[in-house]
Structures are given as structure tokens and as C-alpha cells.
Amino acid sequence: MANIVAIVGRPNVGKSTLFNRLTESRKAIVDDFSGVTRDRHYETAEWVGKKFTVVDTGGFVHGSDDIFEKAIRDQVLIAIEEASVIIFMVDVLTGITDLDMEIADLLRRTSKPVYVVANKVDHAKLHYDSSEFYAFGLGEVYNVSSVTGSGTGELLDTVVSHFPEPIEDEEEDPLPKITIVGRPNVGKSSMTNALLGEERNIVTDIAGTTRDTIKIHYNKFGHEFILIDTAGLRRKKKVSEDIEFYSVMRTIRALEDSDVVILMLDAQEGVEAQDINIFHLAEKNRKGVMIVVNKWDLIEKDHKTMKAFEAQIRERIAPFTDVPIIFTSVVEKQRIFKVVETAMEVYRNKTKKIPTSKLNEVMLDIIENYPPPALKGKYIKIKYATQLPGKTPMFAFFCNLPQYIKDPYKRFIENKLRENFGFTGVPIQIYFRQK
Ligand code: GDP
Ligand code: GDP
């Protein structure tokens with residue numbers, strides 16, 4: 001099940017500041033003006049080993065003041081429906097406003113866990129001021145300062161208590177789960193139909209025809225998996241913000257539930273910021289990923305076009321570029337089956353276990369020829385490597401001075417693992433540990 005934490009609240013209470021702190025992203029822009037466009041509204045976070053996705057609902061409200069209230073109401077309703085835990089943020093410096101009260105009214109109706117978080121409690125003396133928020137009737141009030149981070153640990157302890165313990169056993173799900181994600185109109189439903197060989201759902205030119213996530217059991221030509229078809233991300237121009245927010249929530253959920261994510265692009269439009277966000281979300285969630293460039297039939301091309309297109313995509317998704325990119329045309333039935341084969345290959349890569357003897361045989365040789373550079377006159381000796389149990393590839397390299405190994409060497413090791421063992425489409429983790 002997906003672990004999604006939605007931060008709701010009126011503008012300027014500090015939602016995006018908390019979001020940044022929880023996700024440690026410095027990318028979102030925090031501004032004194034509310035409604036400012038931030039570039040990332042959902043991101044993976046981890047606390048005491050539990051992973052979850054944080055959604056900053058403020059990032060989905062754009063435009064003039066008069067649409068604010070309605071948009072915020074809609075978001076709260078969607079958050080109630082789609083999120084697992086809701087953080088209701090208020091501002092201790094301004095106290096309760098009408099809009100706060102309205103939001104509280106909506107939140108009182110849900111049985112999902114809701115936490116009232118009084119933000120901007122930067123000093124101990126403000127602790128007393130936050131007691132007015134008990135008037136919401138939503139239980140305990142958590143005092144935090146998103147700027148200093150105080151109180152956020154306690155809040156997170158409570159929030160993650162709703163999430164299951166991470167499963168560390170090696171047992172895999174019986175069937176791979178594969179999700180097609182992408183912006184509206186790129187061809188997700190058409191691809192699903194083509195794969196199934198029947199009109200599974202009606203495909204039209206109108207963006208947003210398919211709204212719900214569809215799960216299909218695929219079992220043909222020797223491949224068996226669960227295909228999850230999502231509505232994908234919507235363009236702001238065409239639909240209202242609440243719908244964009246809704247489809248983002250859906251995409252996050254589908255993504256968290258799947259093993260391999262097929263990110264579909266429209267060849268005519270290329271890569272957009274939203275695509276990159278989804279890509280990184282998949283990567284951070286340690287999902288298998290592949291990219292499908294659809295509507296290739298509409299591109300005027302020569303023998304260089306594909307290579308150039310591919311290079312452009314790899315540049316945008318760097319540094320994780322060891323990802324399959326396939327050019328398809330659903331209309332001309334080009335390379336559709338290749339998509340299935342590749343998705344299955346990515347899944348095999350993701351679940352691959354390298355025998356310890358083979359791993360050491362190959363890697364220790366490489367390391368011997370190219371050891372980590374000495375630091376402060378100290379030599380680093382890597383003695384032994386092993387793949388750790390888990391749902392995605394993780395490797396431990398045991399050595400005398402793990403703290404002296406820097407990122408470039410780690411990248412070198414990762415590249416060598418990829419070259420020798422084949423982990424295309426799969427994020428891999430490498431740890432250096434004291435032996
Ligand atoms: P959002 O609209 O709810 O996402 O609010 P923002 O995160 O953009 O924050 C609005 C303003 O409140 C910004 O100027 C922040 O710097 C400020 N702010 C956020 N958190 C805190 C806090 O813990 N203490 C103080 N003093 N200011 C904060
Ligand atoms: P979705 O919103 O991502 O599910 O996109 P749809 O599957 O609904 O496709 C949107 C539109 O693009 C429809 O009119 C499809 O017929 C069209 N389309 C899908 N794939 C292709 C393709 O490979 N080539 C061309 N020319 N059109 C396509």
C-alpha cells in the first residue's frame with residue numbers, strides 16, 4: 001500500500017517549508033507571496049527506515065485569490081480520499097482564520113489520521129499560543145518550527161506509526177506490477193489497448209478521458225504481469241488545479257504499488273519538467289524504470305533522429321541514465337511488444353541476485369586494478385563484497401576505512417556493477433562498510 005502524507009492548509013502557513021524539511025529538497029522555491037509556483041510538490045521521504053511520499057498541496061494552487069478557497073476545499077477532499085495521513089498546518093503567529101475553520105470542518109468528517117500542526121513555533125513561549133488550535137476538535141496539536149526543524153521529529157514519529165514496518169524478507173510478489181505513467185494524451189490508454197488487443201477502454205482525443213487507475217492481468221506470449229494504467233498527469237491549461245492534484249495523487253499511488261514504471265512521452269512534445277519529476281520519484285522509490293517515446297510515426301526523421309532524441313532524454317534524466325528508451329507507435333503497431341519484453345527485462349534486473357562468489361571474482365579484480373585513491377596517506381582496502389537481501393539491488397563493500405571513499409569512486413563501482421551484471425532500468429544502492 002502506498003504511504004502518502006498530504007500537507008494541507010491555507011496559503012502561507014509554511015506547508016512548502018515543512019515539505020522541504022521533510023524531503024530535504026532545496027529545489028522548491030519558498031516565497032513570501034502565496035501561490036508562488038514551486039517546481040516540486042511531491043517527494044519521497046524516509047523516517048526511521050520507513051519510506052513515504054510527502055505531497056505539498058500548496059504547490060497545486062495557482063491563480064487568483066477568488067479561486068483559492070474552492071481549490072483548497074477540493075484539495076482537502078482529495079487528500080481525504082487519496083492520502084494515508086493528513087497534516088493540517090496552521091500558523092501560530094496569525095492564529096485561527098475562517099479558512100482554517102472551514103478546512104477543519106472538512107477534516108473532522110474523515111476517519112483517516114489527521115494531525116493539527118501549529119507551525120512557526122520558533123520559541124518556547126509560543127507553545128502556549130498554539131493551544132487555541134484545540135478548538136478545531138481534531139485532537140492533539142503538534143508544535144513545530146519548519147524553519148528550525150524543532151518538533152518535526154516528534155511529528156514524524158507519530159505520522160510513520162501508521163505505516164507498516166518495512167519488509168526485509170526476500171520473498172517477491174507473485175506477479176510483477178507494471179505501471180504506465182505520463183502526461184495526458186501521450187498514448188497510455190492506446191498502448192494498453194494495443195497490448196490487450198481489444199478496446200479495453202474508450203480512447204478519445206480529449207485529455208482526461210480515462211480517469212481511474214485500471215489494473216489488468218496480462219498473460220500472453222509467455223509474459224505474465226499486472227498492468228496498472230493511470231490517468232497520468234494533466235496539463236494545467238486544460239483542467240482545473242484540483243484535477244491535476246487528483247491525478248498526481250493517483251500517479252504516486254500507482255507508482256508506489258508497482259515494480260516497473262513505464263514513463264511514456266509524446267515524441268512531438270519531448271521531455272517536460274513533470275516527466276522528470278515522475279522519473280525522479282520512481283528512481284527515489286527504487287522502482288524499475290523505462291522510457292517509451294510514443295507517436296514516433298508523427299516525427300519526420302532520418303537515420304540520426306532517434307540517436308539524437310535518445311541523447312537528449314539521457315541528458316535530462318542524468319545521472320541515472322542506464323535506462324531503456326524505446327520508440328513506439330501505437331497507431332502503426334511499432335515496437336509495442338518490445339515494450340513488454342523490456343519491462344520484463346527491467347523487472348528481472350531488479351530482482352536479480354548475484355552470487356557472492358561471482359560478485360567478488362569480478363569486482364575485486366576491478367578494484368585491485370583501480371583501487372580507491374589514498375586519503376591523508378591512508379590506503380583503503382576493499383576486501384569483500386556481497387549483495388544484501390532486499391527488493392532492489394543493494395551491495396555492501398567491506399573495507400578498512402569506509403568513510404574515506406568518496407562519491408566518484410562510488411559511481412565508478414556502480415558503473416562497473418552495471419557493466420558486468422546488467423542492471424539497466426534499476427536504481428542500485430552501494431554501501432561501504434567497516435570490516
Ligand atoms: P505555504 O504557502 O503554506 O507553502 O507557506 P510557505 O512554506 O511558503 O511559507 C510562508 C512563509 O512563512 C515564508 O516566508 C516562510 O519562510 C515562513 N515560514 C515557514 N515556516 C516557518 C517557521 O517555522 N517559522 C517562521 N518564523 N516562519 C516560517
Ligand atoms: P492517454 O491520455 O495517455 O491515455 O492517451 P490516449 O491513449 O488517450 O491517446 C491520446 C491520443 O493520441 C488519441 O487520439 C490516440 O489515438 C493518439 N495516439 C496514441 N498513440 C499514438 C501513436 O503512436 N501515434 C499517433 N499518431 N497517435 C497516437
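**The core and what surrounds it**

Mentor: Of the 105 residues in the largest nonpolar core, V5, I86, F88, V116, I262, L263 and M290 touch the most other members. The helix α6 (residues 241-257) gives the largest share of this core, seven residues.

Trainee: What counts as a nonpolar core here?
Mentor: A nonpolar core is a set of buried Ala, Val, Leu, Ile, Met, Phe, Trp, Tyr and Cys residues joined through C-beta atoms within 7 Å. A residue is buried if 20 or more other C-beta atoms lie within 10 Å of its own, exposed if 12 or fewer, and partly exposed in between, with C-beta atoms placed from the backbone. This is a predicted model: local features need pLDDT of at least 70, side-chain atom pairs count only at pLDDT 80 or more, and totals for chains, interfaces and linings use all residues. Residues are numbered from 1 along each chain as its sequence is written, while chains are lettered from A and ligands numbered from 1 in the order in which they are written.

Trainee: How many helices and strands are in the chain?
Mentor: The chain has 11 helices and 15 strands. Helices (H or I, at least four residues) and strands (E, at least two) are DSSP runs, numbered from the N terminus. Buried residues make up 42% of the 435 residues.

Trainee: Back to I86: which residues is I86 in contact with, leaving aside its neighbours within four places in sequence?
Mentor: Those are A6, V8, A79, I80, L107, K112 and V114. Contact takes C-beta atoms, placed from the backbone, within 7 Å.

Trainee: And strand β4, is it buried or exposed?
Mentor: Seven of the seven residues of β4 (residues 85-91) are buried, so the strand is largely enclosed by the rest of the structure. On one side sit V85, I87, M89 and D91, on the other I86, F88 and V90, and all are buried.

Trainee: Which strand pairs with β4 over four bridges?
Mentor: That's β1 (residues 4-8), in the parallel sense. Two strands pair if DSSP finds at least two bridges between them. I7 has I87 in β4 as its bridge partner. β4 also pairs with β5 (residues 114-119), again parallel, over six bridges, and there I87 is partnered by Y115.

Trainee: New topic: what's around ligand 1?
Mentor: Ligand 1 is surrounded by 18 residues, the closest being G14, K15, S16, T17 and K120. To be in that shell, a residue needs its C-beta atom, placed from the backbone, within 6 Å of the ligand. Helix α1 (residues 15-23) supplies the largest share, three residues.

Trainee: What about the sheet with β13, β14 and β15?
Mentor: The three strands form an open sheet in the order β13-β14-β15, with mixed pairing. β13 (382-388) and β15 (429-434) stand at the edges with a single partner strand each, so one side of each has no neighbour in the sheet. Six bridges join β13 to β14 (residues 394-399), and these two run antiparallel. T386 has A396 in β14 as its bridge partner.

Trainee: Where is the cis peptide bond?
Mentor: From A318 to P319, with omega near 5 degrees. P319 lies in the loop between α8 (305-317) and β12 (325-327).

Trainee: What is the phi of F221?
Mentor: Near 50 degrees, a positive value in a residue other than glycine. F221 sits in the loop between β8 (214-220) and β9 (223-229), and counts as exposed with 9 C-beta neighbours inside 10 Å.

Key. Contact = placed C-beta atoms within 7 Å.
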